[in-house]
Amino acid sequence: QVRLVESGGGLVQPGGSLRLSCAASGRIFSIYAMGWYRQAPGKERDLVATILSGGSATYADSVKGRFTISRDNAQNTMSLQMNSLKPEDTAIYYCNAKLSERPFRGVDDYWGQGTQVTVSS
């Protein structure tokens, strides 16, 4: 059973910083991509940033230059450094991993339980 566990959310003032972490555990053969998504109240879940096993990263336009995604392939962990936070960044942030549990098995999507980020004065 694969588990993704997020940590690091909380309340921060506008302009502040937070660092989110995600740890994947369980039966994992290979993680091809990891990413962060967020969902604000009444809105759909949107992509924030993704990172491939080789380190190539992509970002939503709304977070470019403020957020940095990173991962440790050996530890199956991923982080999101969030700087210059704005009230519109308030959302539940979800960790996602596209991975295979065994060789020659297809790639499946896994999600964490989410962590709340609130940006408010």
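Reply: What follows starts with the rings and then moves to nearby topics along the chain.

This is a predicted model, so local features need pLDDT of at least 70, side-chain atom pairs need 80 or more, and totals for chains, interfaces and linings use all residues. Residues are numbered from 1 along each chain as its sequence is written, and side-chain values use heavy atoms, without hydrogens and water.

The structure holds 1 aromatic pair (ring centres within 6.5 Å, with the six-membered ring used for Trp; planes under 30 degrees apart are stacked, over 60 edge-to-face, the rest tilted). Its partners are Tyr-37 and Trp-111. Their centres lie 5.0 Å apart, the planes make 65°, and the pair is edge-to-face. Tyr-37 belongs to strand β4 (residues 30-39) and Trp-111 to strand β10 (residues 108-111). Strands are DSSP runs of E, at least two residues long, numbered from the N terminus. The two residues are 74 residues apart, so the pair links distant parts of the chain.

Next come two loop residues. Most residues other than glycine have a negative phi. Phe-104 has a positive one, near 70°. Phe-104 is in the loop between β9 and β10. With 90% relative accessibility, Phe-104 counts as exposed. Ser-84 also has a positive phi, near 50°. Ser-84 is in the loop between β8 and β9 (91-100). Ser-84 is partly exposed, at 41%.

Strand β8 (residues 77-82) contains Ser-79. At 12% relative accessibility, Ser-79 is buried. Leaving out residues up to four places away in sequence, Ser-79 touches several residues (heavy atoms within 4.5 Å), including Trp-36, Thr-68 and Leu-20.

Strand β8 also takes part in an open sheet of 4 strands, in the order β1-β3-β8-β7, with antiparallel pairing (strands pair if DSSP finds at least two bridges between them). The edge strands, β1 (3-7) and β7 (67-72), each pair on one side only.

Key:
Buried < 20%, exposed > 50% of the residue type's maximum accessible area, 1.4 Å probe, protein only.
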